[in-house]
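The following note sets out some comments on the model shown below. Please read the points alongside the coordinates.

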Amino acid sequence: MSGPPWPDIGPGDDDGQIIARSLEQPELFALLYDRYAPDIHRYAARRLGEQAADDITADTFLTAFRVRARYDTTRAAARPWLYGIAAHLIGKQRRKEVRGLRALARTGQDPVTAGWVEDTADRVAAQAPLADALAALSAADRHVLLLVAWADLTYQDVAEALGIPVGTVRSRLNRARRKVRAALGADPAFMSDMAEVVRP
């Protein structure tokens, strides 16, 4: 009977320790993939669709593996770092994301967003103005808003992910929420919690 593939690594080992040890034992980096790949894939799929999400996820972990020597191993959680890499890669496909959001705004249907919400008439009707509002945001504001709303990152996590000050996260998030509220008519029942609006 064989034991775990890395008997000296336990569930209590933080990501920083794993990354540090992966410099000598590269195969340990697979533990981070196992921990975070499903979340990164889900986030990328919501923004660019399933097919693109496969590539974004693979490229995120390939990039992370290549630059892991620069990771600050005193940071116990690599999740914000990985989301930052994914956001950068998604940003390179900004036109595709905006096209998908505009298509949803026009038609109420788009393969990229098919998994966002149930296909009830009310939900489809609500998607179009939201998609249009998201498409109208700058890439920087959209990144901050969706990292908070869809990836459940804290302001500090978003700051770390994007390499910006927490104050900038707050101002971008405030601006994005204000613009989306204005685009949606600021209906208090609909906009009481921005995270609930953009989540399925």
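Predicted model: local features only at pLDDT ≥ 70, side-chain atom pairs only at ≥ 80, totals over all residues.

**Notes on helix packing**

1. The axes of helix 7 (residues 139-149) and helix 9 (residues 166-183) cross at roughly 95° and come within 8 Å.

2. Helix 7 contributes Ala140, Asp141, Val144, Leu145 and Val148 to this contact. By class, the residues of the contact of helix 7 with helix 9 comprise eight nonpolar and five charged, with no polar residue.

3. Helix 1 (residues 15-22) has Asp15, Gly16, Ile18, Ile19 and Ser22 buried. These residues lie on the same side of helix 1, because they cover an arc of only 160° around the axis. An α-helix has 3.6 residues a turn, so residues three or four places apart point the same way. The cover over the buried residues of helix 1 includes helix 2 (30-48) and helix 4 (79-91).

4. At the start of helix 1, a side-chain oxygen of Asp14 lies within 3.0 Å of the backbone nitrogen of Gly16.

5. Ser22 belongs to helix 1. Is Ser22 buried or exposed? Ser22 counts as buried because its relative accessibility is 0%, and the cut-off for burial is under 20%. Leaving aside residues up to four places away in sequence, Ser22 touches Leu28, Phe29 and Arg68.

Technical notes: Residues numbered from 1 in each chain as written. Heavy atoms only, no water. Axes fitted to C-alpha atoms, helices over the stretch in contact; angles between N-to-C directions. Helix = DSSP H or I, 4+ residues; strand = E, 2+ residues; numbered from the N terminus. Contact = heavy atoms within 4.5 Å. Nonpolar A, V, L, I, M, F, W, Y, C, P; charged D, E, K, R; others polar. Buried < 20%, exposed > 50% of the residue type's maximum accessible area, 1.4 Å probe, protein only. Arc of directions from axis to C-beta. Polar contact = N/O pair within 3.5 Å; in protein donor to acceptor, adjacent residues only side chain to side chain.
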